[in-house]
Amino acid sequence: MGHTVLVCDDAIFMRTMIADILAAAGYEVIGEAETGAQAVQKYRELKPDLVTMDIVMPDMGGIDAVREICKDDPDAKVLMCSAMGQQALVVEAIQAGAKDFVVKPFQPSRVLEAVQRVLG
Amino acid sequence: MDLAKYAALFVSESREHLQSCNQLLLAWERDPEATAPVDGLFRAVHSLKGMAATMGFTPLAELAHRAENLLDAVRGGKLAVKPEHFELLFRSVDELEDGVARATTGKGLRPEAASLVKALDAAVRISEKPAEPARSGKAGKPGKTGESAAKLEKAEKAEKAAAKDERPSLDVKITVRSDALLRGARALLALRKAEALGVVSRVTPQVSELEREDFDGKLAFRVKTAAAPSEVDAVIRSAGDIAGVAIDLASDEQTVDATALRQIRIDLARLDALMKLAGELVVARNRLVELARGSTDPELGQLGERISRLVGSVQSEVLEARLTPVREVFDRFPRVVRDLARDLGRQVRLEVEGGDIELDRAVLDEVADPLVHLVRNAIDHGIEPPRDRVKAGKPAEGRLRLSASRERNSVAIRVADDGRGIDRSKILAKAKAEGLVDAAAEFLADDQLLRILSRSGFSTAAVISGVSGRGVGVDVVMTRIRQLGGAVELVSEPGQGTAFVLRVPLTLAIVRSLLVQVGSERYVVPLNYVSETIEFSATPVTALGDREALVIREQPAPTVHLYRLLSVEGAATTGRRPVLVVQVGERRSALVVDALLGQQEIVVEPFDAPRGMPGWFSGATILADGAPALILDAAALV
C-alpha cells in the first residue's frame, strides 16, 4: 500500500493538482484541509505519513500549523509548498519543523523527488 | 565523569545567563512588541536548562524548562504577553538564581518554587486552549506533563552526550546547486540533516542570513559526530539540490580560531594569590634596592635594577588581569531600579554611562554594596512620587544617572538623581539636637552634610521603610569606601537632586605613596591624593574661620599639623617644614610634616584598627626596611 498524504492548501486548484501528481505516483491522498487549523485537526485524526502544506492560508497559516503538528509529533513529515520569493517564510517553516519544501509553480518530478526524500 | 569540577563553571556561566535574562526581561518589558529579547531569553533559559540537567540538578532544569515553555509560547505567537507574565518571568529568574546557588550545596529549590512552576504551567496552558479546542482540559493536562517530561529527558540526554563528547569534529562546506529554488532554505535543510548526526557549531553564514535572496549557496559549519565522512556526505546530500560537499577533519580548534581573542576562566582566588605574591615581591624588591644602594658591587646594583623592572612588569600584568569593567556591577541596577521603583510607586529612568571603565576586581566587589545603598536612597528619599514631581513642575518620570569616569589613578563613580534634594533644615535641626553642630549654625555646607549623614545610625527618615531609612546608609557607604582608600563626595540642591561621588583607587593591593616623617614616626600618604608639596614658612599663613590656613595657589587650605593630630612627641614645631597638599575632590588641606622620605610602592595589608584609635588611618604596610607603618586616610584629613 502506498504512503498516505494529507494535502493542505486554501485553493482547490492547488489541492487538486497536488493530489493528482501524488495519486499518479501511487500515493494515497486520505484528506484535504483548507486552513491551518483544519490541517492540525485532520493530522490528529488521520495520522498521515506525509503532509503537503501551503504557507499562506487563512485561520492559522502553514508555519503555525507545522509548529502545532510537530509539537504533537516531532517526527511528522511535512513538505512545505511555497511560492518564489518566500525564502524567509520557508526558513521559518523549516525551523518550525518542516522536513522539505517545493516551490510553485510545481513540476511533478520535483514534487515527487521531494516527497521521496521526506519519506526516505 | 566527575561533575564536581564543573560546578564552579556551571555557577559562573549560569549567573551570566541569568544576568542577561534580567537585562533582556527589562528590555522586553519596555517594548513588549520586540522579538529580540524573547529570543535571547529563550536561548539563555534553554542553555541554563541544559547545563542544570547535565549537572544532574533536575528541579532546577525542570523550573528552567517551565519558564522556557512560557517563552516558547510567546515566541511562537500562541500567547500574547501580559504584565503578569513579566512578573512570572522575573520571579523565575530570581528563583533560578537562588536555585543555582542552592544546587551547588546539594539543595533543591526553595519550597516557594513549586507555586511558581504551577503558575508557569497555568500560563502556558491558557495559550494552548484555542489551538486545541477538541481536547478537554482534563484530558490535556496529564498528556502535557508527560510530554514535557519526555522532552526534558531528551534534552538532558542530548546535553549529557554533548558534554562528554569525544567524537571527532568535521569541518563541512556545502554548495547548493545554482539552479535550485530558494537556495537558503535548501541550505538550512542540509544543516538540519547535519544536526541529526551530531552537534553542529560555527555555522557561516548565520541562519538568519539564509533568509536573504542574495544568499550565494555556500554554507560552512562544524559538526561533532561519530558518523564517517562518507555518511555525513550522504546525509547532507539527502537534503536535495546539493551541488557539492567538502568534509575535512577539523584541525586543532585553537589554531582555527587564531584570530579570535583566546580566553580562559580563572578562579578569582588564584588571581588574589598571584596578586599577594606580586605584592610580596614588591616589598622584597624594595629591600633589595635599598641593600644594593649601600653596596659597592656594581653587579648587585645592575641585578637590583633588572629585578626591579621585572617585578614592575609582573605587577602591572597581574593588575591588568584583575581589571574588570564596572559594567559587571552596573548591569545589576536596571533590575534593582525597576523593582524598587515599582515597590515604592516611583517612575524612574535609569541612565548608565561609563560601563567600560575598568577597576580591580576586588575594588569593584567592595563598591557594589555601597552603590546599592546609594541607588536605594536615591529612589526612596530622592526621587519624589510622580504626583509630587508634576506638582513641582518636573516630569513625572525621575532620572537616575549612574556613571563612571577615570581620574588619574582613581575612578569616580557617580550616583545622581533629579529628586527633591536632601532636606538640610531637617538634618540641621536633628544635628543640633544631637549636638553635632553649633547651636547657632544656620546652614550646612555639602561636606558638613555628608559628615553628619555618615555618622553611624543617623537617619531622619520618619518611617523606616523596608528599603532604606534604617540609618544604615551613608555611614556604611562612607566606611566601605574609606577602607578602600577612597573618598565620598556629596552635592545636593533642594528641588534639583542629589549626587554622590565615590572615588576609589584603581587597585587595592599596591599603592604609590609618599613616606613622611613626623618626630620619630613614619607615615605613608597615598600619592593619589597628594596634589603638590610646598614649604611651610614660604607660604603665607592666614585663617579660615577659626582654623589656621595656608594660601596655596591663591586659595586658603586649612593646615593639619600631623604631630598635633597624632600626638607625636619630639616633632619639629617651628621653622621651615615640608607641607603636603592633600586634595580629595574639591577639598584640600595642608599637611605639615617634619620631612619627606621619598616615594615608595607599598602593599596594603589588612588592618583592624584597635578600638579607640582615631580614624585617621586607612591601613598599614611593611616598609622597604621591614618596619611597619600606618597609611594616612587622605579623605579623613581634608
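**Exercise 1.** What is the order of the strands in the open sheet of chain B?

*Solution.* The model is predicted; local features need pLDDT of at least 70, side-chain atom pairs count only at pLDDT 80 or more, and totals for chains, interfaces and linings use all residues. Residues are numbered from 1 along each chain as its sequence is written, while chains are lettered from A and ligands numbered from 1 in the order in which they are written.

Step 1. Take strands as DSSP runs of E, at least two residues, and helices as runs of H or I, at least four, numbered from the N terminus.
Step 2. Call two strands paired if DSSP finds at least two bridges between them.
Step 3. Read the order: β6-β8-β9-β11-β10 (chain B), 5 strands with mixed pairing.
Step 4. Find the edges: β6 (348-353) and β10 (487-493) of chain B each pair on one side only.

**Exercise 2.** Describe how β6(B) meets β8(B).

*Solution.* Step 1. The two strands run parallel, joined by 6 bridges.
Step 2. β8(B) covers residues 398-407.
Step 3. Opposite Val348(B) stands Gly398(B).

**Exercise 3.** Check the span of helix α11 of chain B.

*Solution.* Step 1. α11(B) holds 25 residues, 298-322.
Step 2. The expected span is 1.5 Å times one less than the number of residues; here that gives 36 Å.
Step 3. The end C-alpha atoms are 36 Å apart, which agrees.

**Exercise 4.** Which residues of α11(B) are buried?

*Solution.* Step 1. Buried means 20 or more other C-beta atoms within 10 Å of the residue's own, with C-beta atoms placed from the backbone.
Step 2. Val311(B), Gln315(B), Val318(B) and Arg322(B) qualify.

Technical notes: A residue is buried if 20 or more other C-beta atoms lie within 10 Å of its own, exposed if 12 or fewer, and partly exposed in between; C-beta atoms are placed from the backbone.
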